[in-house]
Amino acid sequence: MDGIYNINNDIAKIAKEHKLITEYVVSFNKSLKSRDKQFFKGIASFFNFLEKELLAHFRFEEVVLFPAALIGEPKYGHILMLMTLQKEHGILETQLQLLTAKIKHLQTSQKKLSNELIEEMRIFLDDLKIHAKREITDLFPMMDANPKVKALIEVYAKEMTNV
């Protein structure tokens, strides 16, 4: 199958998005370590791009991957893992919304970026990295080993684009 709905394309898309998350984390940590003032002047843009990409990524996982894994591999341990991952999505989204609100407030008030806020950003990105790693090491191998899950991903991805 060569089309846009090919399961390999969907898995590649998710792998690419997880790599992108890693690049955000690495970029932030590198800039933090080197005290890159130019990077932190553009921190609002950094988090705006991250938010846009992350929310789309979470939506795809929750509308396509998680249901496919639940139906295709309905073992108790897998269900608990998926529930935990989805709960983490909510926690990460809330943390991200709070951070972006604080960053926007800084821009409008023209206050200086505090060390405390930078630490909040670092913690958020570390939490995001841990979450992505858990998906890569625990969820994706389970999904990849199950042909039923892979077939469901393909079906759900098609349905998602038709909505």
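This is a predicted model: local features need pLDDT of at least 70, side-chain atom pairs count only at pLDDT 80 or more; totals for chains, interfaces and linings use all residues.
How much space lies in the largest cavity? About 50 Å³ lies there.

## Overall architecture

The secondary structure of the protein comes to 6 helices and 0 strands. Read from the N terminus, the elements follow the order α-α-α-α-α-α. Along the principal axes, the C-alpha atoms of the protein fill a box of roughly 55 × 35 × 30 Å.

The protein has 163 residues, and 40% of them count as buried.

## Packing of H3 against H4

Helix H3 spans residues 43-72, and helix H4 spans residues 76-109. The two helices pack at an angle of about 165°, and their axes are 10 Å apart. Because angles over 145 degrees count as roughly antiparallel, H3 is described as roughly antiparallel to H4.

H3 passes H4 in a left-handed crossing. The residues of this contact divide into 17 nonpolar, 6 polar and 5 charged.

## Packing of H4 against H5

H4 also packs against helix H5, which covers residues 115-144. Here the angle is about 155°, with the axes 10 Å apart. That angle makes H4 roughly antiparallel to H5, and the crossing of H4 with H5 is left-handed. The residues in the contact of H4 with H5 comprise 14 nonpolar, 4 polar and 7 charged.

## Two residues of H4

His78 lies in helix H4. Is His78 buried or exposed? Its relative accessibility is 18%, so His78 counts as buried; the cut-off for this class is under 20%. His78 and Leu139 are separated by 61 residues in sequence, while their C-alpha atoms are 8.1 Å apart in space.

Ser109 is also found in helix H4. With a relative accessible area of 28%, Ser109 is partly exposed. Ser109 and Pro74 are 35 residues apart in sequence, and the C-alpha to C-alpha distance between Ser109 and Pro74 is 50 Å.

## Loop residues with positive phi

Arg35 lies in the loop between H1 and H2. Arg35 is not a glycine, yet it has a positive phi of about 55°. Its relative accessible area is 64%, and Arg35 is therefore exposed, given that the exposed class begins over 50%.

Gln110 sits in the loop between H4 and H5. Gln110 likewise has a positive phi, of about 60°, although it is not a glycine. Gln110 is exposed, with a relative accessible area of 72%.

## The cavity

How many cavities of 30 Å³ or more does the structure hold? The structure holds 1 of them. The lining of the largest cavity is made up of Glu17, Leu20, Ile21, Tyr24, Leu50, Glu53, Leu54 and His57. Helix H1 (7-33) and helix H3 (43-72) are the elements that give two or more residues to this lining.

By class, the residues lining the largest cavity are 5 nonpolar, 1 polar and 2 charged.

## The largest pocket

About 470 Å³ of space lies in the largest pocket. Which residues are the closest to the centre of the largest pocket? They are Lys37, Phe40, Lys41, Lys112 and Leu113, out of the 16 residues that line the pocket. The elements giving two or more residues to the pocket lining are helix H2 (37-41), H3, H4 and H5.

The lining of the largest pocket divides into 8 nonpolar, 2 polar and 6 charged residues.

H4, for its part, packs with H5 at an angle of about 155°.

Methods. Residues are numbered from 1 along each chain as its sequence is written. Side-chain values use heavy atoms; hydrogens and water are left out. Axes are lines fitted to C-alpha atoms, for helices over the stretch in contact, and angles run from 0 to 180 degrees between N-to-C directions. Helices (H or I, at least four residues) and strands (E, at least two) are DSSP runs, numbered from the N terminus. Angles under 35 degrees count as roughly parallel, over 145 as roughly antiparallel, 65 to 115 as roughly perpendicular and the rest as oblique. A crossing is left-handed if the near helix is turned anticlockwise from the far one by less than a right angle, and right-handed if clockwise. Ala, Val, Leu, Ile, Met, Phe, Trp, Tyr, Cys and Pro count as nonpolar, Asp, Glu, Lys and Arg as charged, and the others, Gly among them, as polar. On a 1 Å grid over the protein atoms alone, a cavity is a set of points where a 1.4 Å probe fits but cannot get out, and a pocket is an open set with protein on both sides within 12 Å along at least five of seven lines; lining residues have an atom within 4 Å of a point. Grid points are joined across faces, edges and corners, and a volume is the space filled by probe spheres set on the points. Buried means under 20% relative accessible area, exposed over 50%, partly exposed in between (1.4 Å probe, protein chains only).
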